[in-house]
Amino acid sequence: MVVLRRDEFLSRYEGWRAFAEAGLQEPPEHRTLSEIQSLTDGTRDDYNERRRQYHSTFLVRTPQVKRILTSLWDVLDANMQGPDRVKGAAVIDAPPALGKSTVANAFGREFHLQQIQRHGALLDDGSTFHLPVCRVGFNGNMTTRALNEAILNFYAHPAADSAKNRSLRNRNLATVAADCVRRHGTRLIIVDDVHFLRIHTKEGVAVANELKWLANEYPATFLFTGVDMRETGLLTEGRVKGKAAMSQTARRWTLLTLEPFEPPPRDGGKTWGSLLATIESKLVLANAREGMLRAESDYLFTRSSGMIGSLFELIIRGAARAIRTGEENLSRELLDSIQIDAAAEDRRATLGADLAVMRSARK
């Protein structure tokens, strides 16, 4: 039987701590192609593995990301002022492949490290882990019981085991979960993929009400991520018949959005070009050259549809192949042979034609 390790999941405290406290990975040293070839097989394999891991984890703080991080600190700092005020929540709303979960995790990591530095890694008598952040995710069949079990599972509480907690009512489970939040000093709860909530069902309304109760009961700020959040019904100001609680949610949640990048011709390629230049500066490839990605600005926009998630997948996969084949460079030919997500591939032909028209119109 395969045993799942808890430190491999961000939805478990062991995995979250490992992620948050590992820090950002330092870039491996740059080597020339001849230096790489002169390494022993084992040393070369280790070097290449470190480069692949680094390329898959570095974070680029775009203007959109910086704006959202600033707003998140505003919400969280306001909520830390006292227990007597109604706490607001934040939701990052964006289409797939724009990095909303990445932004939420990056913010959670910053807050985790800040709180550990300020209050220490252990609480009380030194026997209780300080866990400033709890991170859970919604699934396609989220219920109030499943929500509370997910929170308890993060803390490795025995009551998280459905087979053992049948005697506990939902409210009792919620109370136990709230005790975990307080005992471990949790002040930020990240809930990923909240768009899976089916608000137009009886259970969906119950979960929405549970979230409202938890926001009042917990001494923590909630940060949600989702897709088309206004369409879920959670932010409809009560337009869903008989759902006055939704109106309260809309008044308490701050909606933060991530937008795709504008096509390069519209702003002279300044924002998109700046992003590509930043990525270039972080790549550790022997034959990389300055301007390597910026020279392919329109091409890379066409391949990714302006979605940073799709762009990073193209770059990460391309860099991995460049390392594996010894090309050590992201040429157009190499990138053209890399397949990424279906949505980006489907838009490739039409978007390329649209960019050509925009370029012609500016001449």
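1. A residue is called buried when its relative accessible area is under 20%, exposed when over 50%, and partly exposed in between (1.4 Å probe, protein chains only). Helices (H or I, at least four residues) and strands (E, at least two) are taken as DSSP runs and numbered from the N terminus.

2. The model is predicted, and local features need pLDDT of at least 70, side-chain atom pairs count only at pLDDT 80 or more, and totals for chains, interfaces and linings use all residues. Residues are numbered from 1 along each chain as its sequence is written, and side-chain values use heavy atoms, with hydrogens and water left out.

3. Helix α13 (residues 297-304) is largely enclosed by the rest of the structure, because 7 of its 8 residues are buried. The buried residues are Ser297, Tyr299, Leu300, Phe301, Thr302, Arg303 and Ser304. Just after α13, Ser305 adopts a positive phi of about 60 degrees.

4. Arg303, one of the buried residues of α13, also belongs to a network of salt bridges that links it with Asp336, Glu345 and Arg348. A salt bridge here is a side-chain nitrogen of Lys or Arg within 4 Å of a carboxyl oxygen of Asp or Glu. Under this rule the count is 18 salt bridges.

5. Glu29 and Arg50 form a salt bridge through their side chains, at 3.3 Å from N to O. This pair links distant parts of the chain, with Glu29 in the loop between α1 (13-22) and α2 (33-37) and Arg50 in helix α3 (residues 41-55), 21 residues apart. Glu29 counts as partly exposed because its relative accessibility is 34%; Arg50, at 35%, also counts as partly exposed.

6. In the salt bridge between Arg61 and Glu110, the closest N and O atoms are 2.5 Å apart. Distant parts of the chain are linked by this pair: Arg61 lies in the loop between α3 and α4 (63-79), and Glu110 in helix α5 (residues 100-119), 49 residues apart. Arg61 has a relative accessible area of 36% and is therefore partly exposed; Glu110, at 24% relative accessibility, counts as partly exposed.

7. Glu313 and Arg317 form a salt bridge whose closest N and O atoms are 3.0 Å apart. Both residues lie in helix α14 (residues 308-325), 4 residues apart, about one turn of the helix. An α-helix has 3.6 residues a turn, so residues three or four places apart point the same way. Glu313 is partly exposed at 33% relative accessibility, and Arg317 is partly exposed with a relative accessible area of 39%.
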